[in-house]
Amino acid sequence: MSLVAFCAVASVTLLLCVMTGPDRDDLREFCTGYGVLTPFRNGMAIAGDYVSAATALGTCGLVALFGHDGMLLALSTALSMMLLMLLLAEPLRNAGGFTMGDVLARRTASRAVRITACAVTIVSLVPMMLVQLAGAGQLMSFILGFDSEALETGMVVGLGVLMISYAVIGGMKGTAFVQIVKIFVLLGSGVMVSGVILARYDWSPGALFDAAAARSGIGDAFLSTGVEFAGHPFPRLDMLSIHVSIVLGAAVLPHITMRMFTAQDARQVRRSMSWAVSSVTLFSLVVVVVALGAVALVGRGPIAAADPQGNTAFLLGSRAALGADGSYAAALLFTTVTTAVFLTLLSSVAGMILACANSIAHDVFAGRGRPGARREVTVARIAALAVGVTAVGLATLVQHRNLQPLVTLSISLGASAIAPALVHSLFWRRYTRRGALWTLIGGSAAVLLLTPFTNLVSGRPHSALPEHHFNWFPLTTTGLVTIPLGFALGWLGTVTSGRREVREQEERYAELEPRILAGVRSR
């Protein structure tokens with residue numbers, strides 16, 4: 001049933017991309033869909049982009065393995081979307097055009113800033129793509145019941161081809177509709193599974209918590225903080241670092257912020273974000289219930305044995321909750337769950353490929369002159385193909401490794417480079433070209449230099465390279481060091497700029513401030 005459902009979903013979603021994609025090589029239609037989506041649809045598309053396979057399956061696994069600590073991470077995931085809604089969504093919509101480079105270049109009309117923004121976009125999203133693609137083969141193997149490495153690699157390549165097709169054919173509007181279908185199926189199946197799990201415990205969350213703690217193997221410690229970073233040199237700092245990184249970095253990654261540009265005005269982006277935040281918050285609650293149900297019904301040990309990162313907890317919990325009576329209804333609902341996971345794998349990477357392709361075409365290629373909208377769309381499609389093929393090739397090489405460091409790397413880049421650059425550019429009137437470059441380059445370089453020396457990469461049994469020991473950095477994530485550094489480098493680059501440039505930026509911001517903060521165009 002799952003295989004038939006996957007083939008049907010792949011065919012329907014690809015047809016949906018063909019039908020809703022751009023009718024002609026129109027740049028605005030390809031990159032923003034002309035803003036024709038209603039706030040509800042746009043909000044669902046934003047939520048669909050945000051809830052990637054790493055978010056859905058990874059967070060569920062963390063809750064199943066680490067209990068209370070994982071629940072706090074699920075909360076941070078929702079808080080990141082709330083912070084985007086309250087602080088950045090409207091200014092991004094008012095200041096942007098197609099890409100993050102548009103936002104930064106509105107203040108500092110610099111080709112160097114655009115090229116750097118494009119490089120940061122690619123560097124921050126490619127690791128996340130590899131996680132989604134590499135995990136696709138293993139998850140499909142688990143769902144369909146085969147264990148051949150060749151078939152796993154074939155699944156990675158096949159899913160990669162579908163993802164590239166979505167981006168190339170559908171553009172912004174086509175991928176939006178795929179995201180909408182994905183979030184509806186994922187939320188619908190998740191809510192039903194959560195209901196079944198809670199019904200088993202007389203709709204008592206307390207009884208579910210107690211059952212999960214009893215089957216966790218660690219007793220009441222499962223419902224207390226400290227399990228995830230037990231044995232680390234600085235467990236409290238580790239916890240603070242990862243939470244700050246998620247809250248500041250998860251929602252500002254370029255494939256999320258580009259959805260702000262599809263709203264017609266500030267009012268629509270507010271309404272869109274309301275729907276997105278509600279959906280993500282609901283899904284975070286669903287993840288917690290399903291993960292606790294997985295521990296209560298299956299046990300923490302079997303979940304860790306199936307996958308050391310717990311990525312199969314969502315499926316194990318759903319199967320345990322639904323498969324006891326062997327009815328057709330239970331089989332159909334579990335097939336819906338597996339289809340939701342399949343859709344999540346497909347749609348997440350498509351949005352990331354599109355964000356990279358738009359940035360290459362608009363920030364790098366178009367910056368060389370005025371190539372024309374049709375040629376820019378052609379370049380975007382070629383770039384999508386190139387980025388997608390590269391990501392698929394790299395994913396086949398790393399698919400049997402622990403890829404948790406890549407997820408952390410992407411989020412840390414968002415928190416340490418992208419978030420400081422956007423905040424400075426949107427709210428600080430003195431921010432200069434040098435400040436923007438120092439923020440993007442310095443914040444990214446710090447993350448890229450420090451992450452390899454964390455215990456996510458080496459030094460522990462579940463590290464990516466457990467046989468090596470070069471984990472001299474004392475924290476698991478770099479956020480407590482690199483996030484302040486990113487903001488500080490933006491400040492330092494600005495104050496060391498010439499007075500003339502600072503004065504020009506103040507005058508420029510005075511002209512743009514009504515538009516950025518209130519959506520009012522300057523006369």
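A disulfide is a pair of cysteine sulfur atoms within 2.5 Å. This is a predicted model: local features need pLDDT of at least 70, side-chain atom pairs count only at pLDDT 80 or more, and totals for chains, interfaces and linings use all residues. Residues are numbered from 1 along each chain as its sequence is written, and side-chain values use heavy atoms, without hydrogens and water.

Q: How many disulfides does the rule give?
A: The count is 0 disulfides.

Q: Why is C17 called buried?
A: Buried means under 20% relative accessible area (exposed is over 50%, partly exposed in between; 1.4 Å probe, protein chains only). C17 has 0%, so C17 is buried.

Q: Why does C60 count as buried?
A: The relative accessibility of C60 is 0%, so C60 counts as buried.

Q: Why is α5 called roughly antiparallel to α12?
A: Axes are lines fitted to C-alpha atoms, for helices over the stretch in contact, and angles run from 0 to 180 degrees between N-to-C directions. Angles under 35 degrees count as roughly parallel, over 145 as roughly antiparallel, 65 to 115 as roughly perpendicular and the rest as oblique. The axes of α5 and α12 (residues 266-297) cross at roughly 175° and come within 9 Å. Therefore α5 is roughly antiparallel to α12.

Terms used. Helix = DSSP H or I, 4+ residues; strand = E, 2+ residues; numbered from the N terminus.
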